[in-house]
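Welcome! Please take a look at the sequence and the 3D structure, and then we can walk through some of the details together.

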Amino acid sequence: MTKIIAANFKTNHTRKSTEEYIQSLDKKLLPSDKVYIFPTPIALCENNFKHLNIGTQNAYPIFNGAFTGEIGLQALKELNIKTILIGHSERRNILKESQEFCAEKFNFFMKEEFEIIYCVGESLCVREKGFEDVKKFIQTQFENIPIKYPKLIVAYEPIWAIGSGMSASLEQISQTHCFIKSICDAPVLYGGSVNAKNASEILNTKEVDGVLVGSASLDMESFYEIIKKAREK
Ligand code: PGA
């Protein structure tokens with residue numbers, strides 16, 4: 001199966017730099033690549049590229065209405081955007097999104113047949129308690145999530161590995177992905193300090209169906225290096 005390579009720009013890049021990045025990356029891609037870009041909301045553009053898919057980092061579960069600062073379905077439809085990230089730890093922890101709200105968003109965008117990259121992952125404190133606690137914690141992040149949804153992609157992103165420069169070990173990745181795969185049938189991506197140097201061994205791990213990349217996706221050449229590593233698999 002072709003490995004999925006996704007870039008989460010978070011609150012980085014401008015409209016102009018995102019456009020330049022996407023235009024030049026799209027020219028380098030092959031029809032067999034499976035690449036997603038999640039730009040910052042103000043840089044969302046029409047999803048009409050030849051080889052890559054534009055997704056939204058967030059949206060409110062509503063068509064339109066009085067939800068100051070939020071993006072609704074109507075705006076996404078105009079841009080032909082059909083992919084959304086839900087449950088990212090920065091939204092759960094910094095923006096205080098509850099499991100209940102993640103599930104509400106999931107159900108709303110599922111009805112709209114969006115492809116959903118649903119993020120789960122434990123804190124360092126849970127990881128340090130041992131794998132049984134990690135499993136219990138991840139299980140709670142699947143509460144009220146219709147795991148049989150065919151357009152579900154899970155991203156396992158241990159919080160302590162995000163932006164820290166310290167990715168999880170291959171053993172931790174493989175063990176946790178096996179656990180997630182025992183819960184649901186979806187492809188499972190790994191995220192957390194993936195870069196051009198460690199991408200190859202991570203993508204080589206049997207249970208890894210792709211990667212979700214933050215910091216190392218901000219530079220187009222560095223992100224393209226990761227895509228090239230995925231082609232070798
Ligand atoms: P990182 O972020 O690659 O900078 O660790 C990954 C993510 O949060 O999706």
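## A cluster of rings

Ring pairs join Phe106, Tyr118, Phe142 and Tyr149 into a cluster. Rings of Phe, Tyr and Trp (its six-membered ring) count as a pair if their centres lie within 6.5 Å; planes under 30 degrees apart are stacked, over 60 edge-to-face, and the rest tilted. Across the whole structure, a search finds 10 aromatic pairs. In one of them, the ring centres of Phe106 and Tyr149 are 6.0 Å apart with planes at 75 degrees, so this pair is edge-to-face. Phe106 sits in helix H4 and Tyr149 in the loop between H6 and S6, so the pair ties together parts 43 residues apart in sequence.

Tyr118 and Phe142 make a tilted pair, 5.9 Å centre to centre and with 55 degrees between the planes. Both Tyr118 and Phe142 are buried, meaning under 20% relative accessible area, where over 50% is exposed and in between is partly exposed (1.4 Å probe, protein chains only).

## About the model

This is a predicted model: local features need pLDDT of at least 70, side-chain atom pairs count only at pLDDT 80 or more, and totals for chains, interfaces and linings use all residues. Residues are numbered from 1 along each chain as its sequence is written, and side-chain values use heavy atoms, leaving out hydrogens and water.

## Cysteines

How many disulfides are there? The count comes to zero, with a disulfide taken as a pair of cysteine sulfur atoms within 2.5 Å. The sulfur of Cys178 is 12 Å from the closest cysteine sulfur, in Cys184, which is too far for a bond.

Conventions
Helices (H or I, at least four residues) and strands (E, at least two) are DSSP runs, numbered from the N terminus.
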